[in-house]
Each structure stands twice: as structure tokens, then as C-alpha cells.
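Visitor: Could we go through this entry together? I would like to start with the annotated features.

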Amino acid sequence: MQVSIKWLNDYIDFKETAEELADKYTMAGVPVENVIRADEGLDKVVTGRIEKLEAHPDSDHLQICQMNVGEAEPIQIITGAQNVAEGQIVPVAMVGAHLPNGLHIKKGKLRGLPSNGMLCSAEELKMDLTKLTDEEKDGIYILPADTPVGVPAKDVLGLDDVVLEFELTANRADCFSVMGLVREAAILTGNEPKYPEITVKEDDEAKAADMIKIGIDSDLCSRFAARVIKNVKVGPSPEWMQQRLEGAGIRAINNVVDVTNFVMVELGQPMHAYDYDEIAGHSLTARLAKEGENLHTLDDSSRIAKGTELVIADAEKPAGLAGVMGGLESEVTEKTTTIVLEAASFNGASIRRTSRACGLHSEASGRFERGVDVTAIPRALDRACQLLQEMGACTVTQGMVDVYPAPQQETEIAYTAEQINARLGTQLSAAKMMEILTSLGFVVRTEGDGFVAKVPSWRNDCTCMEDLSEEISRIYGFDNIAPTLPWGAVMQGKQSPRQDFIDKIKEVLVGLGMTEELSFSFTNTDLLDKMLVPADSELRKAVPIMNPLTDDYPLVRTSLLTSIMENAVRNFSRKNMDLRLFDVAPVFFPKQLPVTEQPDEVIKLVGLMTGRRNMVGWNQTNDMIDFYDMKGLVEELLASLSISKYTVEAGEHFALHPGKTALFKKGREVIATIGELHPQAAENFGIKQKVYLFEMDVEVLMKYTAKNFHFDSLPKFPATSRDLAIVVDTDAEAGKIEQVITKNGGKHFKSVTLFDVYTGEHVAEGKKSLAFNLQFQSKDKTLTDEEADTAFNNILKAVEKQFGAELRA
């Protein structure tokens, strides 16, 4: 937002310089980023008349000018310009001038004759060349014949203005207007503002309500109003208006468009002008666009509506993107004679989404995103009509069409002086607080032991006592508030046990060759569909985002699998085919929808492995990662986290391959799920190679990690081993056999390891051979063969009984 000092001076007088006023604004929470001077470099540029002009005796292109610059004696300037003549008045840069283009004017000689200055062109003065004719652009800039001599050129050229460039925070929507800045300046300087008197003479017999129908068909529009003006004469706007708009960074177009822009900057209310004869059915309705509908905007671009955009539509088609840009078909042209002026209040989040999705950002959309004063809409329409009437550019029909189904309720905030002082650390009186709030437009009344402040309609950012304290402090002056250190119990900052545990998980996985990924906490239903999440799954009950960063991710994620798969696909598209990724991050589960309280936040751990097992090298094989690489990695992780005595069994998971999925369990609770990506899910993501995944819940892992440790001395006596090779049914699970072995191994049993699985020759069909290595060891003595054999026989009998096993010959 930028505005010229001249525009502010139209409504308020102040003695402060632009820099001093900028400091006051900034210290009051309305930060000025930059002070731009249009007259920079013009301090020693004055108007001068060419009294005498003659050719240079030693040059065929230089001319000697005797210049009257308002001093006692004329000065001599030599110029090479060919478009000058005696009697003309031109800008003259005196000796010592530093022009805007960086040129420093000094005394000099040209072909032996002295020259004491320079005649200036428009380009050298950095004038706006787009507003000049070709003749004015070329050569020395010729001023009107009645221009006084010897006065500063900046006053004559309209370059005596200063522009304040504001860097406003989003909550101060009221300051995105000249009137809002004037209100602030009145408080900061102590001067009385001179607000424009807005009056409209309805000098046309026609009634607006008979000519145009206005409607609202979406709760994204809270108010929609219009006026109709006739006998319109489209032409250039007055010079003063063009200068004000130029100071605000807006290019002048014609009187109608300029007036709508002028009112937008002046009052903060965007509006749009429609050619009445191009509005089908002479009706305008604020509604959601229909999916697939064509949106043809003023920039001559066509976009296909997604069905989420708010549009202003006539009886046949959209006539403009609401709050962003008007439609090309209803654009005001030189042939326009009747105009509908429309002003409305739209939902800020909706306008922002549409603006981002369409790649269109305008002065209007920026104001709607922050919020406009809905009560000022009729005033803005009247102001636009008044300005056009004053130009003699129209007649105004009777009345205004105003649709306002749910008028905005006034906001009232209760407070006490003690609350404000306690928050600010001040000793301000209640009377001083009331004085400050009243000067800001609040209406304050006493109620019981406290006060109630009625918030002005333009301050939609004030909703609670804390907001009032901020208003009081910024006007009272932050420099006037004594600094105090906050009081509180001193505590040592440290990580929580969960944070330490997560750090350990990351350290272990990185040590195992994995790479941590970072992902956003957003997802969409398309990713859930690709991951084959069942329709009735809790994972589909995701929290919708009211104002998403992008329409592609409107939900808060409920699973990390979607995030890690999306990153994997992104890597595949860049030919990174060998991946070992993991992510530790939260997912969110709402207690109910729509959300009425904070959702549950659950920390999940996921991992992904795919591609070659080893790095490419002449001495390495090209073996691909398989299920057991993932299983081994999870076992190493659990061992490093001191989680033991778990079982591994076949299981099911919606996103994993049936028959290639395993569950790590402690009792009946699943601590880890691993498996190969389901073939259908791989096809959905366009993946051609095997992908293996694991998923865990960090809280569950913490629950089962060992917390109390004891240390055993190293064994003094040797271990005894036995190999057990048995033939069992093909569907017998090795894990369950190991459980039986462990249970029946006796007090000296130490460990069991499966070291061979065989099917084929010498093993009957439907059978398989499993070979286990059994370790026995005593802390007190060396075991005899008889003791080891007894334990071995007990194990053999148990597996024969429970699995029908046969000892393999």
C-alpha cells in the first residue's frame, strides 16, 4: 500500500515532514517501509526562458542560450538540443544540481565557451514518459508559455509530491485506505481531519431497482449493492485524480475506471463497473461458479472453473471473478452509455484461494482478503457517483439496490482499567484509556465496575480485551512504557523423554543407511485412494483445512504412508531409483467432524526401501532389496531401542501385499507392520519396481522399550550347540516353531537360530525342511552331552507333537 502526502493533505493538515510522519506511523504500529520523493534530484532545477539563441561559432550543432532564470543577470548555457527556440520556457539544471539520472552539473566549457548549467529533457528529470507525446519525449522538455520564470521546476511539473510506502500487517485492513491513514494521522498529529462530504443528486428519473436485479446465492458474500448511472461520457479523468492514483501506484485509464480505483484507495472499498447493455437479463448474482464454466477475465484470459470460485454472474454466464477481476464481455468501453456500479463484501479466505489458484492478484483482492467495512458499501457507491457527477460524466438513477441478508452485529468488548494496566505494566487512568479509545472511533460506556467499548465497523481486527490493550499502548507510545522483565520460575530447558526417544530412532536409522525425509502435514483424498485406504477407515476422517495453502492439499494427514510414497514418486521422476527413506512426524485424528476441539496428535514412524541392495560398483552385485532386508532393518531398530521378546507373524494391511506382510507383536499389540507395497497401489502410483514399507507408532515403541537394565558377567563356561533339522508342513510358521523351542528348551537354553530352509528333492511335496541351531549354556558349569541331549529331546518331542514334525535323516 502506498499513498502520496498530497492525498493525505487533502483531508488533514500537518506540519510534520514526510519522514517525521513516517516515524509516527511506524511507532504506532502502522509501519512505513519507505519514503519515496518524486522531487529527488530536483533541488536546483528551475524554470528558465530562452532570451537569446545563437549558433556556436566553432560547432555546427551546438547553440548558445542566454537564459533568464529569475536572477539579476542572465546565465549562459550551451546546448546541443535542436528543438529549442527563443522565448521558450524550459527546465534548467543549475550548477551544483544532482539530477535523478545521476548526472552532476558543473561549470564547464564547450568548444571554448563557458556553460553554466544544462537544459533538461523529460527523461533526465525521470518524468513519466507514458503520459507524454512523442514530441515531449524527444529533446528538451518545453513548458507552457505562461509558466513563471525562476520557480522550482518540481512545482510546475507536479513532481513536488512525496509517497509513503506502507508495509502493513494483515490485521490492519482499515489502513489499506486513505481514510484509515487519515484517522491514524489525526490521532498522531493532534489535527482535525476534513473528511469529504458525500452527497449524490439523483438527477435521472429512472429507478435503479427497475433496471437491475441483484442477488446473493452463496454465504461467501455477505452484502451486495449496486447503483445505476446513465448518460455516461467515458473519457480521461481530471489531472488531480490521475496524480493521486499515480501516487498510489495505479495507472490512470479512464474516468470510470479511475473513479472506482480512487474510491477503493480512498475508502478501502473495491468496486466494479459493468456495461449495463452487456449484462444478460440485467441481473447480477453472487454465486459459486459451476464446474467447467468458462471464466473470461479483463486480462483476456480464459480459465475453466473448478466450482469453488465465487463469481458475479448475469443471467447466462459469469460476468467476473468476485473480488479479483471483472469479466471482459461486460467491460466499460468508449461506447458505454449506461453503467452498473457494484460493491460488495466477500469472504476473505475464498478470495485468497481463488486469487492464488488463478494466479491473479489485484489491489481489490488484497483488500478483500484482509476484510472490508461492510457498513461502508453504500457510502462508497455514493462517493463514486458523486465524483462522476462532478466531472459531468453521468446522471444518477433513483435509489440503490442493496442486498444485505444478515446485517453485521456490533462488537462490544468489556474491560477494566486494572486489566489493561496489568497487561501493559502501566499506571494509566481509566479516563486516559477512554480518551485514547474514543479518539480511535470506539464508543466507550461505563458498566458496573468496568467499561464496555463498542468497536467501530472498520476495525474488524478488534475482538477482545487484549486487542484494546494493544490499541491503548500503541497510541500512548511504546517508548513511554517502562521495560520490565517477565517474572516466572526459572527452569532448565531440556528435551522431553519422547523427543530423546525420537532422536535415538533417527540416529539408529541413519546409522543403518536410511535418509530422513521432511514432508508437509497435508494430504488429499486422491493419495488415500491410491494407498487403497478402505472407505470406512478412520484414516479417511481427516480434518479439512479452512484456508489451505493450495487446493491440492485440503486435508490434514492421518497417515505418513501417503507422504513417504509421494516423496518416493517425486524421486522416481528424477531417476533416483535406489531409496532408503524414513520419516518421524505427527498425524492428526479428529475426535469428531466438524472439529470442535483439538484433534489427537499421534507420532508415527514410517520407512521405505527400494532399488539395489548395494551401491553400484565393479565388485558389487546388482541384487535388489527384498522383504528380508526390511525385516532385518526393523529387527536392528528394535534391538537398538531395547525392545525384545516380540513375535513375528503373517498379517494384513490395506496398503501392503497380501502374503508378503508381517506383524511384529508384543502380546496382542502390534508394534510394527512391514511388507511389500500392494501391486494395485504400486500401479496407482505408476511404480514399476518392488517397494517395501514399515509403519510404527512411536508411543507404542516407547511403551515396550526396556527401562530397567541389569548386567550379567561374561560367561565363564563354554556353550554347547545342537542342530535340529525337521520336516514340517509347508504352511508351518518358523516363528511359532521357535516359540515352542524356546518354551521347551529348559533352564540352560540360550538361543535358537533358523539357518536353512529347503524344499525340493528328498523332501515330500507339501513339506519343507527347517534347520535350527540351538545354543545351551550354564553360568555354573560346563554342560555334559547328556544334559544337552535331554534338552534337545524335549524340544524334538514338543515340535513333533505340535507341528507333526519329523526329524530329517
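Visitor: Where does UniProt place the feature "domain: B5"?
Guide: The UniProt record, an unreviewed entry, puts "domain: B5" at residues 408-483; such annotations may be inferred rather than shown by experiment. This is a predicted model, in which local features need pLDDT of at least 70, side-chain atom pairs count only at pLDDT 80 or more, and totals for chains, interfaces and linings use all residues. Residues are numbered from 1 along each chain as its sequence is written, and side-chain values use heavy atoms, without hydrogens and water.

Visitor: How far apart are the ends of 408-483, and what is the helix content?
Guide: The end C-alpha atoms are 39 Å apart, and the span is 39% helix and 18% strand (DSSP runs: H or I of at least four residues for helices, E of at least two for strands).

Visitor: What separates the centres of domain 4 and domain 6?
Guide: A distance of 82 Å, taken over C-alpha atoms. The domain assignment, automatic or from a database, gives 412-479 as domain 4 and 720-807 as domain 6.

Visitor: Changing topic, how many cavities of 30 Å³ or more are there?
Guide: Five, over the whole structure. A cavity is a set of points on a 1 Å grid over the protein atoms alone where a 1.4 Å probe fits but cannot get out.

Visitor: What lines the largest one?
Guide: The lining (residues with an atom within 4 Å of a point) includes Lys 306, Glu 309, Arg 353 and Asp 551. It divides into one nonpolar, three polar and four charged residues.

Note on methods
On a 1 Å grid over the protein atoms alone, a cavity is a set of points where a 1.4 Å probe fits but cannot get out, and a pocket is an open set with protein on both sides within 12 Å along at least five of seven lines; lining residues have an atom within 4 Å of a point. Grid points are joined across faces, edges and corners, and a volume is the space filled by probe spheres set on the points. Ala, Val, Leu, Ile, Met, Phe, Trp, Tyr, Cys and Pro count as nonpolar, Asp, Glu, Lys and Arg as charged, and the others, Gly among them, as polar.
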